[in-house]
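Hi,

Here is the structure I promised to pass on. Have a look at it first, then read my notes below.

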Amino acid sequence: MRVTIFFARFGDMEGTKWANAQMLSTFESSPESAGCQVGKINIAVDNNFHIARELCSELNKAQGPIEVDIETGAKTQGGKITSLITGFKLANTAHAKAS
C-alpha cells in the first residue's frame, strides 16, 4: 500500500519498546469536505527498531514527507487487533527496507 509518511518516532518507555509513524490519507473531495486526513500507524520494533530507524533516516534525507510502499502485519494491543508497518520501500526505488 502506498502512503505518505511525514513523521516517525521510536523509543523505550519503562522497558516497553514502541514505534509509530504519522501518515496522510489520499485526498478526498466532496461538497461538504476536502483534504487529507492524518492517521497514526505502529511500526514493528524488532531488530533494535530497524524499520523505524530507516524511516527516520529517509525523512531526514528528504527533509519533508516521503511516499513509501509499506508492508503491514497485525498485533494485539489493548485487546484489539491493530495494523503495523513490517517493512517498506521508497516509492521511487526498487530496494526494500525491512526488518
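**What I found**

On the surface, Phe-6, Phe-7, Leu-24 and Val-38 make up a nonpolar patch, with about 300 Å² of accessible area together. Keep in mind that this is a predicted model. Val-38 counts as exposed because its relative accessibility is 56%, and the cut-off for exposed is over 50%.

Now try Asn-20, in strand β2 (residues 16-24). Is Asn-20 buried or exposed? Its relative accessibility is 13%, so Asn-20 counts as buried; the limit for that is under 20%. Leaving out residues up to four places away in sequence, Asn-20 touches Phe-7, Ala-8, Arg-9, Lys-40, Ile-41, Asn-42 and Ile-43.

Next, the salt bridges: the count comes to 2.

- Asp-69 pairs with Arg-2, and their closest N and O atoms are 2.9 Å apart. Asp-69 is buried at 17% relative accessibility, while Arg-2, at 47%, is partly exposed.
- Glu-58 pairs with Lys-61, with 3.6 Å between the closest N and O atoms. Both lie in helix α1 (residues 46-62), 3 residues apart, or about one turn of the helix. Glu-58 is buried, at 8% relative accessible area, whereas Lys-61 is exposed, at 60%.

Cheers

How values were computed: Residues numbered from 1 in each chain as written. Predicted model: local features only at pLDDT ≥ 70, side-chain atom pairs only at ≥ 80, totals over all residues. Heavy atoms only, no water. Patch = residues over 30% accessible without salt bridge, like charges linked within 9 Å, V, L, I, M, F, W, Y side chains within 5 Å. Areas by Shrake-Rupley, 256 points an atom, 1.4 Å probe, with all protein chains shown as cover. Salt bridge = Lys/Arg side-chain N within 4 Å of Asp/Glu carboxyl O. Buried < 20%, exposed > 50% of the residue type's maximum accessible area, 1.4 Å probe, protein only. Helix = DSSP H or I, 4+ residues; strand = E, 2+ residues; numbered from the N terminus. Contact = heavy atoms within 4.5 Å.
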